Amino acid sequence: MREYDIAAIPGDGIGQETVPAARRVLDALAGPHGFRLRWTDYPWGCAYFGETGRMMPEDGLELLAGADAILLGAVGAPDVPDHVSLWGLLVPIRRRFDQYVALRPVRPLPGTRLPLRDDRPFDLVVVRENTEGEYSQVGGRMFTGTPEEFAVQEAVFTRRGVERIARHAFELAERRSGKVASATKSNGIVHTMPFWDEVVEEVARDHPGVELTRYHVDALAALLVLDPRRFDVILASNLLGDILSDLTAALAGGIGIAPCGNIDPTRRHPSMFEPIHGSAPDIAGTGIANPIGQIWSAALMLEHLGETAAAAQLTEVLEQTVLAGDVTPDLGGALSTDEVCDAIVERLRHAAVPA
């Protein structure tokens, strides 16, 4: 039996509910597909910060390094500043393990109510650069508390960073429809965005079968709302990809269902899988958190581990569950987190395992 070591970090808020739900589903799926998941729990996050002054222990990254993959819930709490919580846990994991691809597939699940007037289905993926760009630590503040106070935040774009994320997007497009939409803002940001455009176009020349279209990000956002079906692979920098993936998730029915893989394509380090939603402290503990984004992220994890048949079956069962209306209130249903999990596990028990 194939075995995988999985680090589980429920984190904060509803992550404490959605990660256990995903684990139940994965454990129900594993045996029939001939593999086993060995779980290691890490109780890190804002509660840990309140006790220790750190989001994770000093050797936290070393502890995670031996895992085959990481399943993360959510990070953030009202009493901990966001820049403290994210830069103390999530961002260090992404950067230490060089998870430079944030892979965010977006498509409405059958039966999901869409906010768009035209509710025809669409299927796209946002490929977000995940380790540099606008989210750098370069900058600072001076003259704090005075009328002369100012803040400087530098964006860092490297040729290596842009090349490798663009290459990943083009290779993905070659397996899909052969179209890449590159998000830019080179009409207003005069150094980094023209550099991004130039490097992306250089990579495009190595992939003559892929059609590259460059969009200013504000126009791209508008076109996504008007007609998301025109897009397939969207390539974007760290900040722009972060924003666009939330927008596209909302167009698909809500961020509660949207998955994400933080991936090191070289596989030298563990990759991390998480839903794109936050910790939702307003509903934490009420039992109504939508577990689908977490479980779909777990399906991406299985695919990354090579368990493609299990990943495909899990995705199919998620579709069946949503179509049947076995969903939480945010999707128009009346079930609790645990009841949605029960419905998914029950369908898996009756599903035929592919030969």
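1. C46 is buried, at a relative accessible area of 7%, where buried means under 20%, exposed over 50% and partly exposed in between, with a 1.4 Å probe and protein chains only. C260 is likewise buried, with a relative accessible area of 0%. The model holds 0 disulfides, a disulfide being a pair of cysteine sulfur atoms within 2.5 Å; the cysteine sulfur closest to that of C260 is in C46, 19 Å away and too far for a bond.

2. The model is predicted, so that local features need pLDDT of at least 70 and side-chain atom pairs count only at pLDDT 80 or more, while totals for chains, interfaces and linings use all residues. Residues are numbered from 1 along each chain as its sequence is written, and side-chain values use heavy atoms, leaving out hydrogens and water.

3. Helices α1 (residues 15–30) and α11 (residues 337–350) pack with their axes 9 Å apart and at an angle of about 10 degrees, and are therefore roughly parallel (angles under 35 degrees). On the α1 side the contact (heavy atoms within 4.5 Å) involves residues including A21, V25 and L29, and on the α11 side residues including C341, I344 and L348.

4. D98, in the loop between α4 (82–96) and β4 (101–106), has a positive phi near 50 degrees although the residue is not glycine, and D98 is buried, with a relative accessible area of 13%. A280, in the loop between β12 (271–275) and α9 (292–305), also has a positive phi, near 45 degrees, but counts as partly exposed at 22% relative accessibility.

Conventions. Axes fitted to C-alpha atoms, helices over the stretch in contact; angles between N-to-C directions. Helix = DSSP H or I, 4+ residues; strand = E, 2+ residues; numbered from the N terminus. Parallel < 35°, antiparallel > 145°, perpendicular 65-115°, else oblique.
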